[in-house]
Amino acid sequence: MGSSSSSPADGPTQLEDKYYPEWIKNPENIKDLTGKVALITGVSTSSGLGFYATKALALKGAQCVITVRNVEKGEAVKADLEAKLQEDGVKPKIAVMKMDNCDFASIRSFTDEFKKQYDRLDIVCNNAGVMGLDVQMTKDGYDIQIQTNHLSHFLMTARLWPLMKATAEKYGDVTITQVSSGASHKGGPTVDTANLNNPHPSHGFLLYLAPFVLGGSTGHWARYGQSKLANVLFAQELQRRIAAVGLQDKMKLGQRTECSQAWLPPIYRSPRRRAVA
Ligand SMILES: NC(=O)c1ccc[n+]([C@@H]2O[C@H](COP(=O)([O-])OP(=O)(O)OC[C@H]3O[C@@H](n4cnc5c(N)ncnc54)[C@H](OP(=O)(O)O)[C@@H]3O)[C@@H](O)[C@H]2O)c1
């Protein structure tokens, strides 16, 4: 993942060896998804969390749409997934679509195109992300971390919400997952909406100090923590709105804060209480 730090020791590839084979064998963990449409953002590598989420969903028969900013990279991942799943005797259904999380116009074009091509949306995995980067303003005027990790997912989900709601009403069993991070715990007591581009040091003070200690520039981790806390808060607010329209039995929210579980797609994990405060 785009990052100012090195990869974690226990990264997704090792996680696949450690957990995936046993987990995927258990039919209790993920049921048949034939006929369902799944959308997974940010699947441009064959080692990331999005790759394994897509692999698990496609293995169970879902039509998977993966989004990437570089279509060539997406097509390479698709070919890799097809080759790996065909070894298991599965002919996966995977489509690649362009969506750049640094550009709201791209989110709008993608959602318009998605609605033209698909008449249902059962599973959303908001996975695309960048981590610990220097301040970089997007053309929309936001810091790259908050826009990539949260704002674009918010916009995409909002524009696809009517389709998800209609799917839930017709078929039930819609799942929306935010791939957050343990860094959300250090993101502050809440998201500083007045200061999205440069959160105050009191939000995740230790994270704010980390770049100084490690010799970097300012606020990489405070901004990352805020963006990942925003994922959690978004999941909580969606949960509230789902209940408000009486769909709590037909739509589930997930948010993953730990890398070891992030690629397990549709399992609900209780959001932290303090995030609601
Ligand atoms: N790895 C960890 O330790 C860890 C821990 C906790 C949570 N997470 C979360 O897990 C998620 C996946 O990360 P990963 O570790 O699996 O890394 P990854 O394989 O690099 O996945 C990140 C994906 O996001 C995409 N992306 C970045 N900027 C984008 C943009 N502007 N538009 C569209 N796509 C964009 C990347 O595509 P490009 O190739 O185009 O950059 C890449 O496909 C992230 O949300 C991350 O915060 C990771």
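Helices here are DSSP runs of H or I with at least four residues, strands are E runs of at least two, and both are numbered from the N terminus. Hi everyone, two quick notes before we start. This is a predicted model, so local features need pLDDT of at least 70, side-chain atom pairs count only at pLDDT 80 or more, and totals for chains, interfaces and linings use all residues. Numbering runs from 1 along each chain as its sequence is written.

Let's begin in a loop. Asp-173 sits between helix H6 (144–171) and strand E5 (174–179). Its phi is positive, about 60 degrees, although Asp-173 is not a glycine. Most residues other than glycine have a negative phi.

Now the core. A nonpolar core means buried Ala, Val, Leu, Ile, Met, Phe, Trp, Tyr and Cys residues joined through C-beta atoms within 7 Å. The largest one here has 51 residues, and Ile-66 is among those with the most contacts inside it. Helix H8 (residues 220–244) gives the largest share of this core, eight residues. Apart from it lies another core of eight residues, including Met-131 and Trp-221.

Finally, Glu-82, in helix H4 (residues 71–87). Leaving aside neighbours within four places in sequence, Glu-82 is in contact (C-beta atoms, placed from the backbone, within 7 Å) with Pro-92 and Ile-94.

Methods. Buried ≥ 20, exposed ≤ 12 C-beta atoms within 10 Å, placed from the backbone. Contact = placed C-beta atoms within 7 Å.
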